[in-house]
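Reader: Could you walk me through this structure, as I am new to it?
Author: Gladly; let us look at it together.
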Amino acid sequence: MKTNLFALLSLVTASLFSSCYQGIDESLPTSVDVTFNLSQQGILQEPMTRAGITAPGNLIVFDSFNGGVTSTTHTSASSVSLPLALGTHDLYFVAADKLWASASNKDLTVTWNNSGNRLSYTWAKHITLDVEVGTNPATVQMPLVVGAVQVVTLDYFPAAAATLSVEAPNVSWVLDVATMKGKATTQEGGYSINCSGLAGKSRLTHNIFTFIPSSSNVGDIAITVADSKNGELANQILNSVPVQEGYVSRYQGYFFSDGLTIPFEYSDDWTGTIDYTF
């Protein structure tokens with residue numbers, strides 16, 4: 001009798017164990033590939049239009065998942081397929097027409113600089129996605145996250161002009177991806193470009209791109225034109241420059257005319273027009 005009872009208990013235990021074990025389907029995937037179709041909003045209008053800007057060639061995707069952050073880079077900003085673990089992901093897409101200087105998973109930042117990797121057209125978007133088996137492709141529309149300060153000289157460049165220097169200590173080349181705002185940088189906000197060979201030309205344009213700080217203002221920007229011996233030919237200070245995502249802050253006036261000062265204008269050719277003078 002004891003033998004039969006022991007055998008019966010063994011059968012019941014084995015049956016329970018078997019049914020519980022079979023309740024776990026080990027064939028289910030732990031991750032799936034999700035395809036994202038990407039597009040950039042706020043395509044630039046004149047005078048900021050640039051050929052091919054609708055498909056920038058640099059893309060970085062930050063994936064915040066289960067307390068950690070990873071990132072992947074891609075050479076196409078029109079479509080990308082990502083292998084994502086099942087669960088909830090915070091995804092940050094950053095597309096640009098110029099390669100960034102560095103990126104940090106720890107700080108969730110993307111950084112450009114004032115030399116070869118100078119900031120230019122940049123789009124970004126944050127989405128939260130619940131990934132499960134059968135998740136459909138997602139469409140991500142990325143708005144512009146930069147503003148531009150545009151300087152237009154209305155008079156003629158003198159023959160002696162050799163360099164144009166910009167001092168912009170509060171312009172931001174660091175994008176805080178979590179907030180999509182500009183962060184302060186320890187880099188000097190100044191650089192010089194060669195403007196020799198521009199003698200006799202007018203309506204010349206120089207663009208300074210910036211991410212937008214929380215104050216929506218990048219402070220004063222000083223622009224100086226000097227000769228080959230570093231003698232100052234002209235200087236203009238743009239006071240307390242306002243900036244906004246997708247907007248061009250256009251300042252135009254006379255640099256070199258003796259005794260003549262024309263008010264500069266702040267305007268925008270991306271999504272509207274706002275005028276300021278100083």
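Author: A term to begin with: two strands pair if DSSP finds at least two bridges between them, and strands (E, at least two residues), like helices (H or I, at least four residues), are DSSP runs numbered from the N terminus. By that rule, strand β16 (residues 221-226) and β17 pair in the antiparallel sense over six bridges, and Ala222 stands opposite Ile237 in β17.
Reader: Before we go on, what kind of model is this?
Author: This is a predicted model, in which local features need pLDDT of at least 70 and side-chain atom pairs count only at pLDDT 80 or more, while totals for chains, interfaces and linings use all residues. Residues are numbered from 1 along each chain as its sequence is written, and side-chain values use heavy atoms, with hydrogens and water left out.
Reader: Okay, and what order do the strands have in the open sheet of four?
Author: The order is β14-β11-β16-β17, with antiparallel pairing, and the edge strands, each pairing on one side only, are β14 (190-194) and β17 (232-238).
Reader: Switching topic, which strands does β1 pair with?
Author: Strand β1 pairs with β4 (residues 79-85) in the antiparallel sense over seven bridges, where Asp33 has Pro83 as its bridge partner. Five bridges also join β1 to the parallel strand β9 (residues 138-142), and there Asn37 is partnered with Thr139.
Reader: And how much of the chain is buried?
Author: Of its 278 residues, 42% count as buried, meaning under 20% relative accessible area with a 1.4 Å probe, protein chains only.

Conventions
Buried < 20%, exposed > 50% of the residue type's maximum accessible area, 1.4 Å probe, protein only.
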